[in-house]
Amino acid sequence: MYYNLLMKNFVNWAILAPGTIANSMATAMQGAISKSKTGKQIRTYAVASRSNERAKEFAARFNFKKAYGSYEELFEDSDVDAVYIANPHAFHHDSAIQALNNGKHVLCEKPAGCSVNQLQNMIFTAKKNNLFFMEAMWTAFNPTILNIIKIIKNGEIGQLKHIESRFCNRIPYDPKHRLYAPELAGGALLDLGIYNIYFAMMINDFLPIINHSSAVRMLNGVDVWNSINLTFQNNVTTSFQSAADMPAGSDTHDAIIFGTKGFITVKNFFMTEHAKLHLYKSESGNNNKITKKLDIPFMINGYEYELIHATECILAGKTDSHIHTWEKTKKLCNIMDTLRKDWSMKYAWE
Ligand SMILES: NC(=O)c1ccc[n+]([C@@H]2O[C@H](COP(=O)([O-])OP(=O)(O)OC[C@H]3O[C@@H](n4cnc5c(N)ncnc54)[C@H](OP(=O)(O)O)[C@@H]3O)[C@@H](O)[C@H]2O)c1
């Protein structure tokens with residue numbers, strides 16, 4: 001029934017909802033086409049917006065062949081192979097299900113599902129249609145983070161003990177802003193805190209979380225500030241904050257990974273290109289020296305890695321990524337469900 005992608009050696013990508021992040025992905029697509037090996041297989045084919053004008057403007061700016069003034073037209077176009085879903089979280093589930101049921105592979109912005117229930121439906125639909133589905137968790141492919149993990153695995157900071165990170169923004173309150181609007185699945189956790197959790201999960205090999213505690217400040221149905229402590233099965237602890245309405249006391253977007261021999265400081269941990277390894281100079285106290293610096297600039301803007309991976313998976317006929325797997329996506333979503341349950345925080349559709 002559907003176009004047999006295995007016969008093709010390229011992927012016609014479409015973007016659904018040309019907002020802020022879609023601009024970054026379109027830039028990554030253009031860059032990947034000219035700069036990467038897989039680029040020859042990436043086609044900027046179509047964009048769909050709720051507004052014809054916006055679609056046309058975006059298509060012209062980023063060289064997409066087709067511009068649609070409704071998402072339905074995109075789903076109906078049999079030449080679309082894969083859809084990058086970039087609308088607010090609350091709509092990811094329905095958009096992904098529609099795309100998959102219309103024979104399109106899906107790369108869906110984070111959080112793919114607002115709950116494990118939603119995520120399971122999406123995965124079920126991908127399986128049923130034998131199509132690729134992946135959450136666009138770009139940090140899973142970040143070259144600096146992957147190098148940090150190698151340093152930790154080499155034992156360079158000794159035994160891993162604790163991870164501290166903050167993703168705190170100060171965005172003026174606007175009930176219609178997607179971070180503040182409960183109907184758009186607003187809140188700091190699903191938008192920002194998700195990165196703190198995933199970063200710690202990556203560093204801890206996705207081991208089970210055996211304990212958690214948290215504090216939250218709610219505003220009109222969404223968490224605008226939260227502080228979360230997790231304990232992984234290997235006894236590594238974490239301390240995170242994420243916020244929509246206030247910066248952190250210091251290092252608003254940074255992380256520190258502590259071990260027995262030293263620590264790693266990570267700049268803008270969720271989009272990092274820079275980290276430093278500090279080793280303690282003596283058995284006690286905090287006296288340390290920087291012994292290694294990681295400076296690994298993105299090939300384009302950081303979104304190219306997930307795009308290239310998704311393109312390669314699609315062309316290889318895979319349904320699940322071998323890097324950001326469905327299992328990892330579910331673990332991530334599950335802890336967010338658990339935390340929201342602790343806070344008695346439910347979205348209207350739950
Ligand atoms: N990976 C990352 O680094 C990253 C960064 C930012 C955001 N994100 C994720 O990407 C998604 C979109 O975030 P964004 O910052 O790009 O949002 P945004 O700028 O507000 O854009 C979202 C787009 O979704 C469409 N849309 C459909 N229904 C809507 C509704 N009821 N209200 C508002 N917009 C609606 C709109 O496009 P049309 O009306 O033109 O169709 C809008 O431009 C979120 O899930 C977020 O978590 C990821």
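Visitor: What makes up the lining of the largest pocket by class?

Guide: The lining of the largest pocket has 17 nonpolar, ten polar and seven charged residues, where Ala, Val, Leu, Ile, Met, Phe, Trp, Tyr, Cys and Pro count as nonpolar, Asp, Glu, Lys and Arg as charged, and the others, Gly among them, as polar. This is a predicted model, in which local features need pLDDT of at least 70 and side-chain atom pairs pLDDT 80 or more, while totals for chains, interfaces and linings use all residues. Residues are numbered from 1 along each chain as its sequence is written, and side-chain values use heavy atoms, without hydrogens and water.

Visitor: What volume does the largest pocket have, and which residues are closest to its centre?

Guide: Its volume is about 980 Å³, the space filled by probe spheres set on grid points joined across faces, edges and corners. Thr20, Ile21, Ala86, Asn87 and Arg178 are the closest to the centre among the 34 lining residues. A pocket is an open set of points on a 1 Å grid, where a 1.4 Å probe fits, with protein on both sides within 12 Å along at least five of seven lines, and lining residues have an atom within 4 Å of a point.

Visitor: Why are α7 and α9 called oblique to each other?

Guide: Helix α9 (residues 326-342) packs against α7 at about 125 degrees, with axes 10 Å apart, the axes being lines fitted to C-alpha atoms over the stretch in contact and the angles running from 0 to 180 degrees between N-to-C directions. Under 35 degrees counts as roughly parallel, over 145 as roughly antiparallel, 65 to 115 as roughly perpendicular and the rest as oblique, and α7 and α9 are therefore oblique.

Visitor: What makes α5 and α9 roughly parallel or roughly antiparallel?

Guide: Helix α5 (residues 116-129) and α9 have axes that come within 9 Å and cross at roughly 160 degrees, which makes α5 roughly antiparallel to α9.

Note on methods:
Helix = DSSP H or I, 4+ residues; strand = E, 2+ residues; numbered from the N terminus.
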